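Thanks, everyone. Let me put the model on the screen, and then we will walk through it.

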Amino acid sequence: MELPKSRVLLVEDEAMIAMALEDALTEAGFAVELAKDAATAIDQLERDHDKVVAVVTDIRMPGSHSGWDVGRRARELRSDIPVIYCSGDKASEWSVHGVPGSIMLHKPFALAQLITAVSQLVNERSGGIHP
């Protein structure tokens with residue numbers, strides 16, 4: 001019997017970037033739940049935060065919420081959830097707006113960096129091997 005895959009919430013509004021990130025996470029053994037904006041991601045977290053092992057979020061997205069809001073809400077719902085931020089131009093704001101213990105990936109980044117960041121934070125939190 002196959003074990004269920006660890007689920008990552010991926011928040012990215014640019015379709016081509018979302019596809020590349022989703023493919024990389026899937027190939028690494030994660031199940032991916034995609035949200036195209038921060039408000040949708042927050043709704044998904046409020047419904048299923050106990051099923052998500054990590055959040056990967058872009059910072060700047062359409063709508064009134066940002067990736068910073070996604071990270072904060074994720075941590076309000078579950079204080080130990082790993083958060084990985086991705087940004088090309090908002091990275092300098094990470095120390096002010098990012099949640100403690102998160103990781104910032106500066107766009108463009110290698111897909112291997114994403115997998116390493118997610119795996120590192122998930123393993124630190126769980127003390128085990130994931131996915």
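Predicted model: local features only at pLDDT ≥ 70, side-chain atom pairs only at ≥ 80, totals over all residues.

Start with α1 and α5. Helix α1 covers residues 15-27, and α5 covers residues 111-126. Their axes come within 10 Å and cross at roughly 55°. That makes α1 oblique to α5. The crossing of α1 past α5 is right-handed. Who makes the contact? On α1, the residues are Ala 20, Leu 21, Ala 24 and Leu 25. On α5, they are Leu 111, Leu 114, Ile 115 and Val 118. By class, that contact has eight nonpolar residues, no polar ones and no charged ones.

Stay with α5 for a moment. The helix has 16 residues. From first C-alpha to last, α5 reaches 23 Å, close to the 22 Å expected at 1.5 Å a residue. Which residues of α5 are buried? They are Leu 114, Ile 115, Ala 117, Val 118, Ser 119, Leu 121 and Val 122.

The peptide bond from Lys 107 to Pro 108 is cis, with omega near -5°. For context, most peptide bonds are trans.

Is Ala 18 buried or exposed? Its relative accessible area is 5%, under the 20% cut-off, so Ala 18 is buried. Setting aside residues up to four places away in sequence, Ala 18 touches Leu 10, Glu 12 and Leu 34. Asp 50 is another matter. Ala 18 and Asp 50 are 32 residues apart along the chain, and their C-alpha atoms are separated by 23 Å.

Now the second pair, α2 and α3. Helix α2 is residues 38-48, and α3 is residues 67-77. They pack at an angle of about 10°, with axes 9 Å apart. Therefore α2 and α3 are roughly parallel to each other. From α2, the contact uses Ala 38, Ala 41, Ile 42, Leu 45 and Glu 46. From α3, it uses Asp 69, Val 70, Arg 73, Ala 74 and Leu 77. The class count here is seven nonpolar, no polar and three charged residues.

One of those α2 residues deserves a look: Ala 41. How accessible is Ala 41? At 0% relative accessibility, Ala 41 counts as buried. Leaving aside neighbours within four places in sequence, its contacts are Leu 9, Val 11, Ala 35 and Val 70. Take Val 11 from that list. Ala 41 and Val 11 are 30 residues apart in sequence, yet 6.5 Å apart in space, C-alpha to C-alpha.

Last stop, Gly 63. Where is Gly 63? In the loop between β3 and α3. With a relative accessible area of 67%, over the 50% cut-off, Gly 63 is exposed.

To recap the two pairs: α1 is oblique to α5, and α2 is roughly parallel to α3. That is my tour.

Notes:
Residues numbered from 1 in each chain as written. Heavy atoms only, no water. Axes fitted to C-alpha atoms, helices over the stretch in contact; angles between N-to-C directions. Helix = DSSP H or I, 4+ residues; strand = E, 2+ residues; numbered from the N terminus. Parallel < 35°, antiparallel > 145°, perpendicular 65-115°, else oblique. Left-handed = near helix turned anticlockwise from the far one by under 90°. Contact = heavy atoms within 4.5 Å. Nonpolar A, V, L, I, M, F, W, Y, C, P; charged D, E, K, R; others polar. Expected span 1.5 Å × (residues − 1). Buried < 20%, exposed > 50% of the residue type's maximum accessible area, 1.4 Å probe, protein only.
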